[in-house]
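Q: I have a model open and I'd like to learn how to read it feature by feature. Can we start with how a pair of helices is packed?

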Amino acid sequence: MARRLLRSATFLVVFWWLTTSMVCSAPPVMSAQGAILMDAKTGQVLYDRNMNKKLAPASTTKIMTAIIAIESGRLDETTRVSAHAAATGGSSLNLYPGQSITLRELVTGLLLRSGNDAAVAIAEHLAGSVDAFVEIMNKKALSIGAIHTQFRNPHGLSAPNHLSTAFDLASIARYALLNPTFSQIVSTKETNIEWLDRKGQNHNRNLRNTNKLLWMLADADGVKTGTTNMAGPCLVSSATRDNQRLIAVVLHDHARWYDSMQLLKYGFEQYDLYEYAEDGAVFSALPIENGLTDMVDALVAGPGSLVVTATDYPAVTVEVDLPEKIKAPVYQGQKIGEIVFYVQDKAVKTVDLVAGSTVEEYTINKILLRHWLSTIQRLSGWGLL
């Protein structure tokens, strides 16, 4: 009897280990109409479900509104809320016409409480009108690479052709999260802002983040919720574990909290970030032959990192193809070498090394010209010209 119980217990342990291993290794099954899991540093797509399908993004639109406002450098300006902004429907900060409030507080209310009225107030303050601000949003989306996105307003309320994709929203979030101010706000669970009430009295207004994932997942640190009848429940989320940050997007997903959590956990359990060189970093200094200067910096022109499965991580190798010296002329941005990542001896990614500056060729005419210009400058400084 004891042996039979021991065999049964052993079977149950083995069965539990196998099933939990399969659950962890398999991508999550979800009902989202569009979804993606993206590595924030490299932009690599680790999971895709209709990631390029155009769908209504609801209030995840506000990621773009917020980053434009933050990048304006005008967060400490005081705005005056218009009647048009105050009358905006849907989720609201309950702004009132004529209210004075800083742009920083509007952005905080936009991202934490999803205030549609804050979105309109921001747009009017920065661009003069909602339509003018929407033009800025769409140009910014294209510059980020969100080519399937078309915004019609700054808040995400349903409108004809106000559409985006899971891939585009992940790309916009990836860009926005590089900004420390944006990243800090979206990771905040709860905060207070200064609030001037209708009686002219200042007091603290408590704001609690609508992103429940910040409480549900220890690694979660952003980004933005969204819900409309057309879009259904949406969530752009991010989480950081060790050296890796992941971005998950689920659109029209009635299990958005669970699905996002499972998607992020799957990414951390199955993939590792192999870091070699930082984007934009000086990789080395390269000697210049026959140049007006002796050296030129070789810069890393892209993320010098690679996301691989945990099992492939030990098999990653890197080769650098860079000459010992280079002949002038050399032009800024010119490719002068490359970093090649290999997995199991197969090349899987190449990152260019480019010249950090222009170095002209050493010739007698250019030396004479530089000497003449230097002389003119000296004479001008002495007041002789």
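Q: How are helix 2 and helix 6 oriented relative to each other?
A: You look at the angle between the two axes, and anything from 65 to 115 degrees counts as roughly perpendicular. In this predicted model, the axes of helix 2 (residues 62-71) and helix 6 (residues 130-144) cross at roughly 95 degrees and come within 10 Å. Helix 2 and helix 6 are therefore roughly perpendicular to each other.

Q: Which residues of helix 2 and helix 6 meet?
A: From helix 2 you have Met 64, Thr 65, Ile 68 and Glu 71. On the helix 6 side, the residues are Phe 133, Ile 136, Met 137, Lys 140, Ala 141 and Ile 144.

Q: What does the protein contain in helices and strands?
A: There are 11 helices and 17 strands. Of the 385 residues, 46% are buried. Among contacts with a separation of 6 or more, 62% are between residues 24 or more positions apart.

Q: Now the aromatics. How many aromatic pairs does a search of the whole structure find?
A: Five. For each pair you check the distance between ring centres and the angle between planes, and over 60 degrees counts as edge-to-face. Take Tyr 274 and Phe 341: their centres are 6.5 Å apart with 85 degrees between the planes, an edge-to-face pair. Tyr 274 lies in strand 10 (residues 271-277) and Phe 341 in strand 16 (residues 335-343), so this pair ties together parts that are 67 residues apart in sequence.

Q: Is Phe 341 buried or exposed?
A: Phe 341 is buried, at 0% relative accessible area. Tyr 274 is buried too, at 19%, and under 20% is what counts as buried.

Q: At what distance and angle do the rings of Tyr 276 and Phe 341 sit?
A: The ring centres of Tyr 276 and Phe 341 are 6.3 Å apart and the planes are at 85 degrees, so this pair is edge-to-face. Tyr 276 is in strand 10 and Phe 341 in strand 16, 65 residues apart, so to speak a link between distant parts of the chain. Tyr 276 is partly exposed, with a relative accessible area of 37%. Zoom out and you get one aromatic cluster made of Tyr 274, Tyr 276, Phe 283, Tyr 313 and Phe 341.

Q: Which charged residue sits over the ring of Phe 341?
A: That's Lys 349, whose charged end is 6.0 Å from the ring centre. There is also Arg 205, which lies over the face of Trp 195 at 4.5 Å from the ring centre.

Q: What should I look for in the backbone?
A: Most residues other than glycine have a negative phi, and most peptide bonds are trans. Here, the bond from Gly 222 to Val 223 is cis, with omega near 10 degrees, and Val 223 lies in strand 7 (residues 220-228). Another cis bond joins Ala 328 and Pro 329, with omega about 5 degrees. Pro 329 is in the loop between strand 15 (326-327) and strand 16.

Q: And where is Asp 345, which has a positive phi?
A: Asp 345 is in the loop between strand 16 and strand 17 (346-355). Its phi is about 65 degrees, and at 70% relative accessibility Asp 345 counts as exposed. Asn 161 also has a positive phi, near 65 degrees. You'll find Asn 161 in the loop between helix 6 and helix 7 (166-176), partly exposed at 49%.

Technical notes. Residues numbered from 1 in each chain as written. Predicted model: local features only at pLDDT ≥ 70, side-chain atom pairs only at ≥ 80, totals over all residues. Heavy atoms only, no water. Phe/Tyr/Trp six-rings, centres within 6.5 Å; stacked < 30°, edge-to-face > 60°. Helix = DSSP H or I, 4+ residues; strand = E, 2+ residues; numbered from the N terminus. Buried < 20%, exposed > 50% of the residue type's maximum accessible area, 1.4 Å probe, protein only. Lys NZ or Arg CZ within 6 Å of the ring centre and 35° of its normal. Axes fitted to C-alpha atoms, helices over the stretch in contact; angles between N-to-C directions. Parallel < 35°, antiparallel > 145°, perpendicular 65-115°, else oblique. Contact = heavy atoms within 4.5 Å.
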